[in-house]
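Student: Please take one residue of this model and go through its surroundings closely. I would like the cut-offs stated along the way.

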Amino acid sequence: MDLTGHGLRCRECSARAELAIYKSGNADNRMSEHLTRHELDRVVIDSRKQILVGVGALILAVAAYLFALGVGGVMYMMGGCVAFGIGAIARGLYRGQMAKAAIRQAPDARLIKG
């Protein structure tokens with residue numbers, strides 16, 4: 001028995017699910033296997049928030065850098081803020097795309113044998 005996000009699954013069902021994943025050509029996206037539709041929708045919403053945080057970090061870093069240049073100083077620490085902003089945007093985009101793909105490919109109803 002395998003434990004997934006939707007409960008226990010027998011070995012035969014696990015093997016069929018693995019085969020279906022590789023046949024579909026979407027072996028790198030297994031979100032729908034472990035998350036419900038509601039949770040996938042939540043991931044999409046959270047990914048948008050993460051993108052906004054990244055954009056905000058970039059704006060803050062650029063504003064602080066321009067302020068430091070205006071007063072004659074240089075802020076080396078803003079490089080970390082820029083890296084964080086770019087990373088947050090990239091992660092938000094990636095997770096949002098994966099969750100949307102999982103929603104498109106997931107069936108509307110699941111049969112769980114007890």
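Tutor: Arg-95 lies in helix 4, residues 78–105 (helices are DSSP runs of H or I, at least four residues, numbered from the N terminus). This is a predicted model, in which local features need pLDDT of at least 70 and side-chain atom pairs count only at pLDDT 80 or more, while totals for chains, interfaces and linings use all residues. Residues are numbered from 1 along each chain as its sequence is written, and side-chain values use heavy atoms, without hydrogens and water.

With a relative accessible area of 27%, Arg-95 is partly exposed (buried is under 20%, exposed over 50%, partly exposed in between, with a 1.4 Å probe and protein chains only). Leaving aside neighbours within four places in sequence, Arg-95 is in contact with Met-31, Val-43 and Ser-47 (contact means heavy atoms within 4.5 Å). Val-43 is 52 residues away from Arg-95 along the chain, yet their C-alpha atoms are separated by 7.3 Å.

Met-31 and Val-43 also belong to the largest nonpolar core, which has eight residues and includes Leu-40, Val-44 and Met-98 (such a core is a set of buried Ala, Val, Leu, Ile, Met, Phe, Trp, Tyr and Cys residues joined through side-chain atoms within 4.5 Å). Helix 3 (37–70) and helix 4 are the elements giving two or more residues to this core. Helix 4 gives the most, with four residues. Another core, of five residues, lies apart from it; among them are Ala-57, Ala-61, Ala-64 and Met-78.
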